[in-house]
Amino acid sequence: VSLVQRLWKGRVSAGMLSLRLQRAMKEYVNSNKHHVSYKGNRKHAQSAKELLCELKNQARLRTVDGLEQPFSSLGWARLVPSLSLEQLYKKENKRSFKTCAVVTSAGAILRSRLGKEIDAHDAVLRFNAAPTEGYERDVGNKTTIRIINSQWYASPDYNLFGPYMEHRKLHPDQPFYILHPSYVWQLWDVIQGNTEEDIQPNPPSSGFIGILLMMTLCEQVHVYEYIPSMRQTDLCHYHETYYDAACTLGAYHPLLYEKSLIQRINMGPVSDLERKGRVTLPGFSTVNC
Ligand code: C5P
């Protein structure tokens, strides 16, 4: 049984990774560069419903609002968009989006012919610079929201805030937010709390964050090629010839554990995973806890 087949069942452990990825993962656990120490209780066998309710309660969407230091002194309260992300979309639609698609940039989406299906959603989330032009047949061309890594935006991890201010001044009408670190680390806590092994003490991948974001804004979420289909490949991105299994299985990010958690709340059939790499999730507004 391959690792991907185990993912389809939601049963994975680091021991199933290649030795190279296991070693990379151990180094991240040992170096613990963000000084993470987990103090919560680990709950192993929560049901899908319990897990959904924990996520709904813990993962309260939060963006930098400029009211905290050091941002308040820098005048950010007037710089960040005046409506919160949730207010923005609920105002535009008068309610949540009905159906949403989260499209990862995984190489496995090539030759999927999922474009039309993806574009039929009310809102589509994509990541970083993932292009649609030239790839419409497989990934569609509608984009409603993008999540951009601070590693990617203006390239290094550290030079994020200056460029954000500049961008806000140049494009005041573009709703552009910085996710609050407390949101990101709260998501990490839920992943660790529901995993027996020690996960990488680094933020969850933007894929996981994007899925949870859309569960806040939408009534139903389809995720494409996060849990890989039978087209699974070491090709990192559909738009680049760069091969590394870490893109799909994780080294820095606790990606394998994130994916296992998402499979535990997947409400779609395994045949969707196999053929489309598609997961079906309920929006939080539809889950009664
Ligand atoms: O590589 P990038 O950060 O642009 O990808 C966005 C997200 O898509 C990742 O954070 C990860 O969750 C997911 N991804 C994946 N498998 C890949 C590439 C990306 O699951 N091969």
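**Entry 1: Tyr257**

I looked up the neighbours of Tyr257 first. Leaving out residues up to four places away in sequence, I found that Tyr257 touches Ala14, Met25, Ile191, Thr195, Glu197, Asp198, Ile199 and Gln200. I note here that the model is predicted. Where does Tyr257 sit? I placed Tyr257 in helix α12, which covers residues 255-265. Is Tyr257 buried or exposed? Its relative accessible area is 5%, and the cut-off for buried is under 20%, so Tyr257 is buried. I then checked its side chain for polar partners. The side chain of Tyr257 makes a polar contact with the side chain of Glu197, at 2.5 Å. Glu197 is also on the list of residues that Tyr257 touches. For a distance across the chain, I took Gly107. Gly107 and Tyr257 are 150 residues apart along the chain, and their C-alpha atoms are separated by 20 Å.

**Entry 2: The ligand**

Next I turned to the ligand. How many residues surround the ligand? I read 15, and the closest are Asn128, Ser205, Cys236, His237 and Lys259. I went through some polar side-chain atoms in turn. For Asn128, an N or O atom of the side chain is 2.9 Å from an oxygen atom of the ligand. For His237, a polar side-chain atom lies 2.6 Å from a ligand oxygen. Alone, the ligand exposes 450 Å², and the protein buries 90% of that.

**Entry 3: Asn128**

I went back to Asn128. Where is Asn128 in the chain? I found Asn128 in the loop between β2 (123-127) and α7 (136-139). The relative accessible area of Asn128 is 17%, which is under the 20% cut-off, so Asn128 counts as buried. Asn128 has a positive phi of about 45°, although it is not a glycine.

Most residues other than glycine have a negative phi, and most peptide bonds are trans. Arg113 has a positive phi of about 55° and is not a glycine. I located Arg113 in the loop between β1 (97-103) and α6 (115-119). Is Arg113 buried or exposed? Its relative accessible area is 57%, and the cut-off for exposed is over 50%, so Arg113 is exposed. Then I checked a peptide bond. The bond from Gln69 to Pro70 is cis, with omega near 0°. Pro70 lies in the loop between α3 (48-58) and α4.

**Entry 4: Nonpolar cores**

I moved on to the nonpolar cores. Which residues touch the most other members of the largest core? Out of 63 residues, I read Ile211, Leu212, Met214, Met215, Ile262 and Leu281. Helix α10 (residues 206-217) gives this core its largest share, eight residues. Setting aside neighbours within four places in sequence, Met214 is in contact with Cys100, Val102, Ala123, Val124, Leu125, Ile145 and Val221. Another core, of 12 residues, lies apart from the largest one. Its members include Leu110, Leu114, Ala130 and Tyr224.

I checked helix α8, residues 161-170. Its buried residues include Pro163, Tyr164, Met165 and Arg168. What do the buried residues of α8 pack against? I found α4 (76-79).

Then I looked at Ser182, in helix α9 (residues 181-193). The relative accessibility of Ser182 is 24%, between the cut-offs of 20% and 50%, so Ser182 counts as partly exposed. Its side chain makes a polar contact with the side chain of Arg62, at 3.0 Å. I compared positions with Thr132. Ser182 and Thr132 are 50 residues apart in sequence, and 32 Å apart from C-alpha to C-alpha.

**Entry 5: The whole chain**

Last, I stepped back. I listed 13 helices and five strands in the chain. The radius of gyration is 19 Å, close to the 19 Å that the globule rule gives for 289 residues, so the chain is as compact as a globular protein of that length. The C-alpha atoms fill a box of roughly 55 × 45 × 45 Å along the principal axes. Buried residues make up 52% of the 289 residues. Among contacts with a separation of 6 or more, 68% join residues 24 or more positions apart. The accessible surface comes to about 14400 Å², and carbon and sulfur atoms hold 50% of it.

Definitions and conventions: Residues are numbered from 1 along each chain as its sequence is written. This is a predicted model: local features need pLDDT of at least 70, side-chain atom pairs count only at pLDDT 80 or more; totals for chains, interfaces and linings use all residues. Side-chain values use heavy atoms; hydrogens and water are left out. Helices (H or I, at least four residues) and strands (E, at least two) are DSSP runs, numbered from the N terminus. Buried means under 20% relative accessible area, exposed over 50%, partly exposed in between (1.4 Å probe, protein chains only). Contact means heavy atoms within 4.5 Å. A polar contact is a pair of N or O atoms within 3.5 Å; within protein, one must be able to donate a hydrogen and the other to accept it, and residues adjacent in sequence count only if both atoms are side-chain atoms. A nonpolar core is a set of buried Ala, Val, Leu, Ile, Met, Phe, Trp, Tyr and Cys residues joined through side-chain atoms within 4.5 Å. A residue is near a molecule or strand if one of its heavy atoms lies within 4 Å of it. Accessible areas come from the Shrake-Rupley method with a 1.4 Å probe; for residues, only the protein chains shown count as cover. The radius of gyration is taken over C-alpha atoms; the globule rule is 2.2 Å times the number of residues to the power 0.38.
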